[in-house]
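Work through the exercises below with the structure in view. Try each task before you read its solution.

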Amino acid sequence: MSTDALRSDFLRIANERGFVHQCTDLAALDAKLAAGPVAAYVGYDCTADSLHVGHLISIMLLRLWQRTGNRPVVLLGGGTTRIGDPSFRDESRPLLTDEQIEANKRGIRGVFEQFLAFGDTGPGAIEVDNATWLDELRYIPLLREVGVHFSVNRMLTLDSVKQRLDREHSLTFLEFNYMILQSYDFRELNRRYGVALQMGGSDQWGNIVMGADLIRRMDGAEAFGLTVPLLTTASGQKMGKTASGAVWLNADRLAPFGYWQFWRNTEDPDVGKFLRLFTELPMEEIARLETLEGAELNAAKAVLATEATALLHGREAAEAAAKAASGASAEGLPVVVVPELATGIAAFALVQRAFGLASNAEARRQIRSGGVRLNDAPVTDEGQTIGAAALTEDGAARLSLGRKRQVLVRAA
């Protein structure tokens with residue numbers, strides 16, 4: 001189907017901004033959306049106490065889904081986290097205790113409230129935990145009711161499984177069941193809430209297709225799947241990963257200023273793509289910003305950083321982060337004003353302030369791991385005092401965290 005012929009606002013905008021990678025039946029989904037509101041879900045396993053930037057594209061898609069009049073469903077994997085998704089992994093995930101899963105669930109809930117409006121009617125978002133039904137399953141009835149609809153031959157051909165087997169890495173029977181339970185989730189959400197679409201990353205394509213097929217086989221109902229692209233940066237790095245680890249969405253894991261700086265450090269070729277996916281700026285403005293070059297492109301990166309940070313942490317925090325960076329040097333590096341440099345500040349405190357890390361403990365860890373440099377010299381003593389002597393003739397010092405995060409720090 002030609003994307004020019006799309007009638008639904010959601011698919012038209014999603015396609016225009018680069019969200020659509022695969023769809024089970026684009027024309028039929030477009031027709032269904034054009035006929036009225038539809039409920040769709042994305043699932044998130046509770047493997048950590050915060051989501052990270054790698055999850056953000058699906059969250060933005062749920063936000064767009066709601067903005068175009070449809071109902072988003074956030075599915076927390078309180079049940080499936082006990083198994084672990086094997087998709088495109090070389091080894092099994094560590095099994096978490098029920099207590100760890102509950103703590104992680106509490107940690108990630110707040111993020112969705114920043115992006116979605118929750119409510120009991122209309123397009124109001126709802127949150128569901130698949131432990132609600134998975135914990136109640138009985139093994140033999142599940143095999144008889146659901147297992148008969150799954151061909152092991154077909155399951156073995158899925159890329160997520162085939163890759164593990166081709167590399168001769170162990171795939172446990174526990175993990176092999178994951179796709180059955182994910183399909184069961186889709187069927188339950190379809191029955192309970194009328195969910196007709198599952199969305200997710202392209203690594204979930206096989207699982208999503210099998211879920212839609214299960215609904216068709218068991219209930220004769222229409223169901224769809226849609227995936228977003230798995231993003232990498234222009235240099236080939238997985239989206240949301242840095243030399244210092246994941247880019248967390250919770251402020252207690254990564255402060256708003258550190259989050260702002262992550263976006264400010266976007267590689268030049270990625271600016272337009274990220275503006276389309278991770279901000280809600282009009283397409284005309286994005287088209288203008290992505291044509292800028294040199295120092296003007298750095299201004300576009302600052303716009304990206306501020307808009308993306310505002311969606312997650314609020315406009316006030318975003319503008320405070322932009323103000324803290326206080327412009328850029330001639331080299332295009334963010335400038336951070338730390339008044340204590342005039343009299344002296346501990347190295348760990350400077351690193352925490354300059355990069356917006358969640359805690360002094362995290363700053364100390366980065367120094368101990370050898371990831372911090374001041375004026376291109378390694379910082380080895382986390383407690384050393386850094387003062388005016390570190391400032392060069394232009395009144396600034398270059399501070400680096402890992403290979404790609406750099407700022408200039410000034411006392412005023």
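**Aromatic rings and a charge**

Tyr259, Phe262, Trp263, Phe274 and Phe278 form one aromatic cluster. The model is predicted: local features need pLDDT of at least 70, side-chain atom pairs count only at pLDDT 80 or more, and totals for chains, interfaces and linings use all residues. Residues are numbered from 1 along each chain as its sequence is written, and side-chain values use heavy atoms, without hydrogens and water.

**Exercise 1.** Classify the pair of Trp263 and Phe278.

*Solution.*
- Recall the rule: rings of Phe, Tyr and Trp (its six-membered ring) pair if their centres lie within 6.5 Å; planes under 30 degrees apart are stacked, over 60 edge-to-face, the rest tilted.
- The whole structure holds nine aromatic pairs.
- In this one, the centres of Trp263 and Phe278 are 5.0 Å apart and the planes stand at 50°, so the pair is tilted.
- Trp263 lies in helix H12 (residues 256-264) and Phe278 in helix H13 (residues 271-278), so the pair ties together parts 15 residues apart in sequence. Helices are DSSP runs (H or I, at least four residues), numbered from the N terminus.

**Exercise 2.** Classify the pair of Phe274 and Phe278.

*Solution.*
- The ring centres of Phe274 and Phe278 are 5.7 Å apart, with planes at 65°, so the pair is edge-to-face.
- Phe274 and Phe278 both lie in helix H13, four residues apart, about one turn of the helix.

**Exercise 3.** What sits over the ring of Trp248?

*Solution.*
- The charged end of Arg253 does, 4.0 Å from the ring centre.
- The test: NZ of Lys or CZ of Arg within 6 Å of the ring centre and within 35 degrees of the ring normal.

Methods
Helix = DSSP H or I, 4+ residues; strand = E, 2+ residues; numbered from the N terminus.
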